[in-house]
Amino acid sequence: MFFATPDLCDDYPELVQVMEPMMTNYGGRDTFGGEIVTVKCHEDNSLVKESAGKPGHGKVLVVDGGGSLRRALLGDMIAENAVRNGWEGLIIYGCVRDVDALAELDLGVQALASIPLKTDKRGIGDLNVPVTFGGITFHPGGYVYADNNGVIVSPSPLVGEG
């Protein structure tokens, strides 16, 4: 899948919404996109781990961590599992850890920051609910595209697979 978010914004201005600039690329794949699957959680990555363990071909996991900068919602083990299960990437409104390992994986990862502290796993959170951060709402079943220019969403696919 090749695209540039500026081109998608130019080609589909009536379809796209653009997230406020706040994310940093941590994954080995700078450009990624796909169907949105959401997790809403706060300093508990139980549902992130569970989701990464399911088939994710053509999908991006969008995690609303409430913007917490106190705990990492993604580390190398969960990310490696996401790669094994075919996920295109993760967009995390929160932190990640194991950033050197993340950079080696064929996975898109964008997050606010990195911190070495893991979360507790209490099984708390919501799966596939609309989440809002960065000035836009991510709807499960919609589409997200991310690259070094930013993150955009669309209600329908803008890029074919391949």
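Contact, for this talk, means heavy atoms within 4.5 Å. Thanks for coming, everyone. What you see above is a predicted model, where local features need pLDDT of at least 70, side-chain atom pairs count only at pLDDT 80 or more, and totals for chains, interfaces and linings use all residues. Residues are numbered from 1 along each chain as its sequence is written, and side-chain values use heavy atoms, with hydrogens and water left out.

Gly142 touches Gly34, Glu35, Ile36, Ser154 and Pro155, not counting residues up to four places away in sequence. Gly142 sits in the loop between β10 (136-138) and β11; helices (H or I, at least four residues) and strands (E, at least two) are DSSP runs, numbered from the N terminus. How far apart are Gly142 and Glu35 in sequence and in space? They are 107 residues apart along the chain, yet 5.7 Å apart from C-alpha to C-alpha. Gly142 has a relative accessible area of 8%, so it is buried. Here buried means under 20% relative accessible area, exposed over 50%, and partly exposed in between, with a 1.4 Å probe and protein chains only.

Leaving aside neighbours within four places in sequence, Tyr143 is in contact with residues including Gly34, Glu35, Ile36, Ile152 and Val153. Pro155 is also one of the contacts of Tyr143; these two are 12 residues apart in sequence and 6.0 Å apart in space, again C-alpha to C-alpha.

On to helix α3, residues 76-84. Which residues of α3 are buried? They are Ile78, Ala79 and Ala82. These residues cover an arc of only 100 degrees around the axis, so they lie on the same side of α3. That arc is taken from the directions from the helix axis to the C-beta atoms. On the other side of α3, Met77 and Arg84 are exposed. And what covers the buried residues? The cover includes α2 (46-52), β5 (72-74), β6 (89-96) and α4 (99-102). Just after α3 comes Gly86, with a positive phi of about 85 degrees.

Now for the charges. How many salt bridges does the structure hold? There are 6, counting a side-chain nitrogen of Lys or Arg within 4 Å of a carboxyl oxygen of Asp or Glu. I'll pick a few of them.

Arg29 forms a salt bridge with Glu88, and the closest N and O atoms are 2.7 Å apart. This pair links distant parts of the chain, 59 residues apart: Arg29 is in the loop between β2 (24-25) and β3 (32-40), and Glu88 is in the loop between α3 and β6. Glu88 is buried, at a relative accessible area of 16%.

Arg29 also meets Asp106 in a salt bridge, at 3.0 Å from N to O. Here the partners are 77 residues apart, with Asp106 in the loop between α4 and β7 (108-114). Asp106 has a relative accessible area of 49%, so it is partly exposed.

A further salt bridge joins Arg70 and Glu43, whose closest N and O atoms are 2.6 Å apart. The two are 27 residues apart, Arg70 in the loop between β4 (59-64) and β5, Glu43 in the loop between β3 and α2. As for shared partners, salt bridges join Arg29, Glu88 and Asp106 into one network.

Last topic: rings. Rings of Phe, Tyr and Trp (its six-membered ring) pair if their centres lie within 6.5 Å; planes under 30 degrees apart count as stacked, over 60 as edge-to-face and the rest as tilted. By this rule there are 3 aromatic pairs. The rings of Phe3 and Tyr145 have centres 5.2 Å apart and planes at 80 degrees, so this pair is edge-to-face. Phe3 lies in the segment before α1 (5-11) and Tyr145 in strand β11 (residues 143-147), 142 residues apart. Both Phe3 and Tyr145 are buried.

Tyr93 and Phe133 are stacked, because their ring centres are 4.7 Å apart and their planes at 0 degrees. Tyr93 is in strand β6 and Phe133 in strand β9 (residues 131-133), so the pair ties together parts that are 40 residues apart in sequence. Tyr93 counts as partly exposed at 21% relative accessibility, whereas Phe133 is buried at 3%. Finally, ring pairs link Tyr93, Phe133 and Phe138 into a cluster. Happy to take questions!
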